[in-house]
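Please examine the structure shown below.

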Amino acid sequence: MGRGRSAVTMDTKRDARVGQTVRWGPGADESKRLGTGAVPASVYTDPARYALERDRLFRRTWHVAGRVEEIAAPGDFLLWERVGQSVVIARRESGRLAAFHNVCRHRGARIVSESGHCESGRLLCPFHGFAYDLEGRLVGVPERETFDEAKLDGLRAYEVAVEVFAGWVWIHLDPKQAKPLAEYLTGLVDEFAWYDMGSWAYHGGSTYVAEANWKVVLEGFLEAWHTPTVHRRSVRGGFDVPRSTFAALDPHSMMVVPLAALDIDSAPKPVEHRQFADCQYLLFPNAFLNMFPDQGYLITVYPIDANRTFCQGYVVARKTTPEGMTAEAWEKNVKSSLGMMDRIMGEDLAIAAEIGATRESFAYRENIYNTLECRITAFHRQVDAYLAG
Ligand code: FES
Ligand SMILES: [Fe+2]
């Protein structure tokens with residue numbers, strides 16, 4: 001799937017003097033190489049394609065399922081339900097995480113119906129009381145002698161792979177196909193080291209539903225040049241979108257958007273882009289991470305069906321108060337970010353619904369993308385590679 005290419009690109013851009021990958025300044029921008037593009041409307045409307053996305057894309061990729069703070073104590077468990085899948089992610093007594101499909105091996109009932117805490121370490125299926133431990137192993141069967149023992153032997157809820165990186169909980173629905181998360185993340189591992197997000201605090205978030213295909217919603221997060229139009233009331237300038245630089249970290253991607261408040265032009269060279277710009281990342285296939293030096297938010301984007309999308313937003317921030325700010329002002333600032341995320345999402349999802357509204361029109365035939373939208377073109381290439389395989 002062409003994942004080796006980004007490693008080469010990154011190496012050529014490493015500044016030997018400081019051992020830093022240069023993402024801003026002459027030669028850092030890959031938008032011309034990534035190019036312009038087009039996709040037919042059927043990419044968003046064809047039911048057969050939607051089925052392929054579910055089975056070949058979402059089943060074969062790592063997903064951000066939450067923040068570690070949501071399952072901080074042994075016995076805590078998180079119910080994750082997306083793309084028709086139901087998964088339990090639990091913290092075991094040992095402190096390690098386990099994940100399994102939330103599907104009883106008796107007759108398929110959900111084992112749990114909400115997130116929670118389990119003191120006993122046993123989760124009981126509500127139908128006939130099959131008991132599972134926090135790793136998903138079947139540890140109790142009522143009327144056991146009435147079953148064929150051979151069918152029960154070694155039975156467990158099907159496993160899901162789980163790992164933690166940068167304070168986020170990641171899962172893979174098909175552990176047999178999963179490569180290690182660090183390998184899957186490729187260049188993002190280096191890129192995220194500067195933030196040290198694992199030490200940041202989680203401040204909660206919101207959920208949203210959009211009346212559009214999930215890719216319509218995600219594409220809004222892969223370019224910023226709609227900011228002066230769609231976000232003219234909320235963001236009100238300050239972002240120097242035309243000077244953004246773009247990079248592919250296949251299958252992921254990123255862009256560096258200069259922000260007046262961070263004054264990238266006065267930054268020492270080579271520019272530490274994470275300190276002097278708004279950096280926006282695609283965590284392929286469906287998470288958007290918008291990072292400022294001291295805080296950020298992440299949005300996951302999942303199809304409910306081909307025409308509706310469920311999003312979840314999470315706000316995170318450094319625990320230490322940034323220089324030149326009082327602790328009180330910092331707390332207020334982070335709190336206001338939650339409201340800002342809701343406001344920006346409201347604007348993004350309203351425009352996504354405008355696209356959803358034309359999906360059956362005879363006149364909606366294709367999307368065309370410019371080089372400011374090169375990350376969308378790159379995204380479609382990556383999706384196509386998964387669907388073909
Ligand atoms: S379906 Fe779970 S115990 Fe019967
Ligand atoms: Fe937007």
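**From chain to core**

In this predicted model, buried residues make up 37% of the 389 residues in the protein chain. The chain contains twelve helices and 21 strands. Its radius of gyration is 22 Å, close to the 21 Å that the globule rule gives for 389 residues, and the chain is therefore as compact as a globular protein of that length. Along the principal axes, the C-alpha trace spans about 75 × 55 × 40 Å. Of the contacts with a separation of 6 or more, 61% are between residues 24 or more positions apart.

The domain assignment divides the protein chain into domain 1 (31–60 + 197–388) and domain 2 (62–172). Taken over C-alpha atoms, the centres of domain 1 and domain 2 are 31 Å apart. Where the two domains meet, 15 residues of domain 1 are in contact with eight residues of domain 2. On the side of domain 1 that touches domain 2, strand S19 (295–305) and strand S20 (308–317) each supply at least two residues. S19 gives the most to this side, with four residues. By class, this side of domain 1 has twelve nonpolar, two polar and one charged residues.

The largest nonpolar core has 94 residues, and those with the most contacts inside it are Ile89, Ala99, Ile171, Val217 and Phe288. Because domain 1 and domain 2 both give residues to this core, it lies between them. Val217 illustrates the packing: leaving aside neighbours within four places in sequence, Val217 is in contact with Ala210, Ala212, Val301, Thr309, Cys311, Leu349 and Ala352.

Methods. Residues numbered from 1 in each chain as written. Chains lettered and ligands numbered in written order. Predicted model: local features only at pLDDT ≥ 70, side-chain atom pairs only at ≥ 80, totals over all residues. Core = buried A, V, L, I, M, F, W, Y, C linked by C-beta atoms within 7 Å. Buried ≥ 20, exposed ≤ 12 C-beta atoms within 10 Å, placed from the backbone. Domains from an automatic or database assignment. Contact = placed C-beta atoms within 7 Å. Nonpolar A, V, L, I, M, F, W, Y, C, P; charged D, E, K, R; others polar. Rg over C-alpha atoms; globule rule 2.2 N^0.38 Å.
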